Amino acid sequence: VQLQASGGGLVQPGGSLRLSCAASGRIFSDTFMAWYRRAPGKQRELVTSISGSGNTVFVDSVKGRFTISRDKAKNNLYLQMNSLKPEDTAVYFCKADVFGNEYWGQGTEVTVSS
């Protein structure tokens with residue numbers, strides 16, 4: 001399983017970004033997938049996850065602003081981030097849980113600053 005995250009960059013507060021995670025290998029339509037982030041000087045935290053059935057979970061700080069989705073045909077995972085705040089600045093990672101194993105992408109950096 002390989003995960004390739006992309007879409008990060010520099011954006012002004014209030015702006016939007018869409019992160020993508022291209023998955024290859026033994027990824028299935030019902031694979032549990034998630035986005036994590038690690039802000040400078042902080043521990044990695046779960047941002048949002050999506051189950052095979054489409055159930056989603058969001059950390060409180062991004063509720064109403066971020067949306068997770070997946071394209072099962074392409075094995076892609078997305079994170080639409082709106083109304084970005086400086087505190088959203090972090091390296092974002094995608095993760096997949098496959099048969100009890102965790103697979104991580106390399107991370108894509110998001111900087112929210114004016």
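Q: Which residues does V1 touch, not counting residues up to four places away in sequence?
A: Contact is understood here as heavy atoms within 4.5 Å. V1 is found in the segment before β1 (2-6), strands (E, at least two residues) and helices (H or I, at least four residues) being DSSP runs numbered from the N terminus. With residues up to four places away in sequence left out, V1 touches S24, G25, R26, I27, V98 and Y103.

Q: On what basis are such values given, and what pLDDT do local features need?
A: Residues are numbered from 1 along each chain as its sequence is written, and side-chain values use heavy atoms, with hydrogens and water left out. This is a predicted model in which side-chain atom pairs count only at pLDDT 80 or more, totals for chains, interfaces and linings use all residues, and local features need pLDDT of at least 70.

Q: Is V1 buried, partly exposed or exposed, and what is its relative accessible area?
A: The classes are buried for under 20% relative accessible area, exposed for over 50%, and partly exposed in between, using a 1.4 Å probe and protein chains only. The C-alpha atoms of V1 and A23, which are 22 residues apart along the chain, are separated by 7.1 Å. V1 falls in the partly exposed class, because its relative accessible area is 31%.

Q: Which residue in β3 is the bridge partner of Q2?
A: Two strands are said to pair if DSSP finds at least two bridges between them. β1 and β3 pair in the antiparallel sense over 5 bridges. Within β3, the bridge partner of Q2 is S24.

Q: Which residue in β8 is the bridge partner of L19?
A: β3 also pairs with β8, in the antiparallel sense and over 6 bridges. L17 has M81 as its bridge partner in β8, and the partner of L19 in that strand is L79.

Q: How many of the 6 residues of β8 are buried?
A: β8 is joined to β7 by 6 bridges, the two strands running antiparallel, and T67 has Q80 as its bridge partner in β8. The strand is largely enclosed by the rest of the structure, because the number of its 6 residues that are buried is 5.

Q: What is the phi of N75 in the hairpin of β7 and β8?
A: Most residues other than glycine have a negative phi. N75 lies in the loop between β7 (66-71) and β8 (76-81), in a hairpin with 4 residues between the strands. Its phi is positive although N75 is a residue other than glycine, and the value is near 55 degrees.

Q: What phi does F99 take in the hairpin of β9 and β10?
A: F99 is placed in the loop between β9 (90-98) and β10 (101-104), two strands that run antiparallel and are joined by 4 bridges, with N101 in β10 as the bridge partner of V98. F99 counts as exposed because its relative accessibility is 61%. The hairpin has 2 residues between the strands, and F99 takes a positive phi near 50 degrees.

Q: Which residue does the disulfide join to C21?
A: A disulfide is taken to be a pair of cysteine sulfur atoms within 2.5 Å, and by this rule the count comes to 1 disulfide. The pair links distant parts of the chain, with C21 in strand β3 (residues 17-24) and its partner in strand β9, 73 residues apart. The link is right-handed, with 70 degrees about the S-S bond, both cysteines are buried, and the residue joined to C21, at an S to S distance of 2.1 Å, is C94.

Q: What is the relative accessible area of G41?
A: G41 is found in the loop between β4 (32-38) and β5 (45-50). The C-alpha atoms of G41 and A90, 49 residues apart along the chain, are separated by 9.8 Å. G41 is exposed because its relative accessible area is 90%.

Q: What volume does the largest cavity have?
A: On a 1 Å grid over the protein atoms alone, a cavity is a set of points where a 1.4 Å probe fits but cannot get out, and lining residues have an atom within 4 Å of a point. Grid points are joined across faces, edges and corners, the volume being the space filled by probe spheres set on the points. The lining is formed by I27, F28, S29, M33, R70, D71, K72, N75 and N76. A search of the whole structure finds 1 cavity of 30 Å³ or more, and the volume of the largest cavity is about 30 Å³.

Definitions and conventions. On a 1 Å grid over the protein atoms alone, a cavity is a set of points where a 1.4 Å probe fits but cannot get out, and a pocket is an open set with protein on both sides within 12 Å along at least five of seven lines; lining residues have an atom within 4 Å of a point.
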